[in-house]
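Take a moment to look over the model before reading on. Let us walk through it together, one part at a time.

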Amino acid sequence: MSGTYLGMPAFPRAADVSTRDTRLRANLTHATHTIRDKRAAAVAELDDWAQLRAAGAAVKDRVLRRLDHYLEQLEAAVTAAGGQVHWAADAEEANRIVTALVRETGEREVVKVKSMATQEIGLNQALEDAGIRAYETDLAELIVQLGDDLPSHILVPAIHRNRAEIRDIFRREMGRWGRPAPEGLSDSPAELAEAARLHLREKFLSAKVGISGANFMVAETGTLVVVESEGNGRMCLTLPETLISVVGIEKVVPTWQDLEIFLQLLPRSSTAERMNPYTSTWTGTTDGDGPRNFHLVLLDNGRTDTLADTVGRQALRCIRCSACLNVCPVYERAGGHAYGSPYPGPIGAILTPQLRGMQGPLEESLPYASSLCGACYEVCPVAIDIPEVLVHLRERVVEGGPVTRGGTRTVVKPARGHAAERAAMRAAAWTFDHPGVLRRGMRLAARTRRLHPRRLPGPGRAWSRTRALPAVPAESFRDWWRRTRGESPSGPTGERGAGE
Amino acid sequence: MSSRDVVLGRVRRALAAEPRDTGRNEPPVVRDYRRVHGSRTAAQTVELLAENLADYRAVVHRSDPAGLPALIARLLADRGARSVVVPRGLPASWLEAALAASSGLTRIEDRAALTPAELDAVDSVVTGCAVAIAETGTLVLDAGPDQGRRRITLVPDHHVCVVRVPDQVVGSVPQALPRLAPDRPLTWISGPSATSDIELDRVEGVHGPRTLEVILLSASGQSG
Ligand code: SF4
């Protein structure tokens, strides 16, 4: 792993490697099951969860339908509060803006809050190319950074590492980046966390520039919100003199009141807590308290293209809680790296191909990285019908159709050459080679259907709409394959040998 | 064309099919979720706050105005604190007992010139709060005169936060937001700093204070 997702193999091939990694799978299974059981309990405490979820989806949809209006409102409010707003059409532009802003300060080091947006644009690499060192300060991101690795989970990016590996990484690498690990560091989580505390504290105390994302931006007030646990976020948001926040344009919510919805939905869905330990909000700059300079970089990078697709648009509601990862039987087997982007799991399977366009085998295979069991939709706090979007994107891969790329509408042909079909076949072969994944998905689907008897599953809806057919029952991967390929799935049923 | 125009232009093209007079035609967001979960008396709400604070490993104490200075003095002494940073607007009486001549405790007032390194050498911080949320066990600081700048409750390892009950306690997140001013920098605190990044084992105090002590201060509360 070399700190970039570029050149990742297509999903089935990457997943095939990770499913044979027993340590990775054991770590992941433990993690996902623990979080999802806790999450169910945290959600069950609120008897109005369904109403909160519907309101969360409605607010996000409203924002998306008038995104231009809310962005302009946000820009005006942030500016009035003493902040400076920059617009970035793509990753390269965002990196250029941030690099220039850091250069203006004369600093060569920055501290960073964990942020999906900055991973998406590859900011750390861009800064390094410009001679600026970016220190990740979230414990998991620190582990990933020191290990020259890639994040594999939205919430717990180093979930694929166990404590002994983390100790080895700290012992080996900390000294190259700053304060070395204490002598005789053991692999107890408390000692490892203490080592990270000591290592990072010297960075926090001297940092002049902080870089963050944001979970929410309030259009009417210009307020940004960051939700976290460790306090590293608070350090980066308050101690430096300059704060640069890179935020996707879809993160805006209309009103201050709307936070009452998301500050209930997010912690319970994400870390399964009633509330995460720390939430910081700031509106521009405040005299004598916190950074004197605040820059907001509004990032498009494929979001407007996603917005143009009325079915796929709902992916932009995502609040990055990671609940869908923890219930996904395919994610559990494949691991986060197989998705080839900072967005793994079910949300990655629909977001990455839309943000980047179906530009290669990975993007074309991602809509197949699912058993369509529907568990991701059931847990999603903003009710994104991920199966519906998956089926919609599969249709684009196989049949082509209208898409927007770089703001321009165009019609894609059915699958460049046979690439898509090959991608589909590889994905199918992989799924059928791992019967446990498939069985599990089907079991989950059956279970959730009993719980929600009136729900018409997403894929059924999508297909009935595009095919003018009456609504059909939940479609499993197997059924989809049979119908679109006109044949029964067949193939080897055992795990693939290592020599494959 | 500026990137602002590029992005906004793309947004508008993507939304060309949407009705533009959405102010009138847009279905309103249905807010039929609860303002608060369950009905409680003010005392029960305070009780729930105490439970949820403790559940997230904050240490909860109760006091009344007469007992408060002695309690604060004891909490600081138990930690062996030699220095304490306080916001400018903290009632002077709160620290009287702690600063008694024999204690050897130094009081440091929050001021802009205080550097992060100086703060790092401070043992404890004592503040008030703006609002506390019972359902989630959350304290909200809004940088008011008795809370000070955001950094003073972050860098020292021991935070003592005084909540006036029942006045400063609300039941739920929806009840908290209207009492908070968005133009002030807010810090919502639910338990001490924590991480679960290593095999999901929870460890307290990664970067923020490792110990959070909350004093529920009532006009006539039993001290403890
Ligand atoms: S798609 Fe839904 S469940 Fe998945 S991360 Fe986003 S908000 Fe959470």
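Predicted model: local features only at pLDDT ≥ 70, side-chain atom pairs only at ≥ 80, totals over all residues.

Residues are numbered from 1 along each chain as its sequence is written, chains are lettered from A and ligands numbered from 1 in the order in which they are written, and side-chain values use heavy atoms, leaving out hydrogens and water.

Start with chain A, where 6 strands make an open sheet with parallel pairing, in the order S1-S10-S7-S4-S2-S3. Strands (E, at least two residues) and helices (H or I, at least four) are DSSP runs numbered from the N terminus, and two strands pair if DSSP finds at least two bridges between them. Strand S1 (84–88) and strand S3 (133–136) of chain A are at the edges with a single partner strand each, so one side of each has no neighbour in the sheet. From one strand to the next, the twist averages 25°. The parallel pairing of S1(A) with strand S10 (residues 293–299) of chain A has 5 bridges, and His86(A) stands opposite Val297(A) in S10(A). Across S1 and S10 of chain A lies helix H4 (residues 67–80) of chain A, at about 145° to S1(A); axes are lines fitted to C-alpha atoms, for helices over the stretch in contact (heavy atoms within 4.5 Å), and angles run from 0 to 180 degrees between N-to-C directions.

Now find Thr283(A), in strand S9 (residues 278–283) of chain A. Is Thr283(A) buried or exposed? With 7% relative accessibility, Thr283(A) counts as buried, because buried means under 20% relative accessible area, exposed over 50%, and partly exposed in between (1.4 Å probe, protein chains only). Not counting residues up to four places away in sequence, Thr283(A) touches residues including Ala81(A), Pro182(B) and Asp183(B).

Next comes the ligand, whose surroundings include Cys318(A), Arg320(A), Ser322(A) and Cys380(A) (each with a heavy atom within 4 Å of it).

Finally, chain B has an open sheet of 6 strands with parallel pairing, in the order S1-S12-S7-S4-S2-S3. Here strand S7 (residues 158–164) and strand S12 (residues 211–217) of chain B pair over 7 bridges in the parallel sense, and Val162(B) has Ile215(B) as its bridge partner in S12(B). Helix H3 (residues 42–55) of chain B lies across S1 and S12 of chain B, at about 150° to S1(B).
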